[in-house]
Amino acid sequence: MENMVKKLKSKPTRSSETVGISLREEGIAFAQVRWQNGRPHLLDCEFLPAQAGEASTVLMGQVSRLRLARHRCVGVLTGDDYSLLQIEPPAVPREEWREAVRWQIRELIDYPLDEAVVDVFSVPTDARPGRQAIAYAVAAPRQVVRETANCLATARLKIAAIDIPELAVRNLAGLLPGEERGLAFLYLGRHGGIIVIVRDGHLYLSRRLNIGTDSLRELAPVTAGEDLIDLSSRFNDLLDSIVLEIQRSLDFYESNFALPPIANLILAPMEADLPQVLPYLQQYLGVKVEALDLGALFDLPALTPQIQARCLTAIGGALRAQQVTP
């Protein structure tokens, strides 16, 4: 499946539905979105527990129960399944980018190039004078992409794309106020996280974190008070590392692009109960920091904070724009 990622197109009025699926180690994140009059409606959002080897059977049951056979579907890879690499755009015609990028990244992946699925997308050319334009290459083992596609196809879903969390987050950010002026977004999964900066429907910057909610929860105070001084030293160090990576990302964006600086950061829902994170970011970052509540965007009673956290990338995948056909 060579066409792994594509740029999000404009947002035309839609009346169609898309299913977003993320196959995780402990189960399946599932979301179903219908677009009507230019607005998305989240029809269903669930996390389906599944043991190893059971994902296809569980997903088939879900598709059958909801009568979704042949529905448009976007699969979203997990953080361990792919690499996202910032590169210099190849000096070849755009239609030759993918092949040129394959050779450009051959030393940056730890498996043979002929076993890789590679795609590339550009960052808008708003660079400051003297700054190099940038692009992003996505690489994933062909077997991983094939297994994901086979699971979706076996469940009788019509595969539109296999996407990545960064672009799923970009899709979600597009629904938030102020996105057209630029937003930073922090998503902390169990084993790691990502920082993305989006503006007007485009992903400008992505940075991966090796700190996740599992490592934070292990070091978090047993009782969570409001006084940040009570945080353990090691827990404090992890939060400092997150703050530093966010600030580096904001500084790079401001120095590299001829655009106003980012003024807002959105903290995505987390699976773990870590109430210390938001006030810490608010105290030590020089931007406005707010927590994202998808319940304020979608009228779905079952959208609890934990479901939001587990299904965030599936929802973002389901928000992927339809490809316009002639």
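Reply:

**Salt bridges and the core**

E26 has 25% relative accessibility, so E26 counts as partly exposed. This comes from a predicted model. The side chain of E26 meets that of R24 in a salt bridge, 2.7 Å from N to O. R24 itself is at 17% relative accessibility, so R24 counts as buried.

R24 also forms a salt bridge with E271, with the closest N and O atoms 2.5 Å apart. R24 sits in strand β1 (residues 17-24) and E271 in the loop between β12 and α7, so this pair ties together parts 247 residues apart in sequence. E271 is buried, as is R24.

Now a second pair. R98 and D119 meet through their side chains in a salt bridge, 3.2 Å from N to O. R98 belongs to helix α2 (residues 97-104) and D119 to strand β6 (residues 116-122), so the pair ties together parts 21 residues apart in sequence. R98, at 30% relative accessibility, counts as partly exposed. D119, at 2%, counts as buried.

Shared partners join R24, E26, R190, D214, R217, E271 and R310 into one network of salt bridges. The count of salt bridges comes to 14.

Next, the nonpolar side. The largest nonpolar core has 92 residues; F185, L186, L216, I242, L281 and I315 touch the most other members. Helix α6 gives the largest share of this core, eight residues. Beyond its neighbours within four places in sequence, L216 contacts residues including F235, L238, L239 and I242.

Note on methods: Residues are numbered from 1 along each chain as its sequence is written. This is a predicted model: local features need pLDDT of at least 70, side-chain atom pairs count only at pLDDT 80 or more; totals for chains, interfaces and linings use all residues. Side-chain values use heavy atoms; hydrogens and water are left out. A nonpolar core is a set of buried Ala, Val, Leu, Ile, Met, Phe, Trp, Tyr and Cys residues joined through side-chain atoms within 4.5 Å. Buried means under 20% relative accessible area, exposed over 50%, partly exposed in between (1.4 Å probe, protein chains only). Helices (H or I, at least four residues) and strands (E, at least two) are DSSP runs, numbered from the N terminus. Contact means heavy atoms within 4.5 Å. A salt bridge is a side-chain nitrogen of Lys or Arg within 4 Å of a carboxyl oxygen of Asp or Glu.
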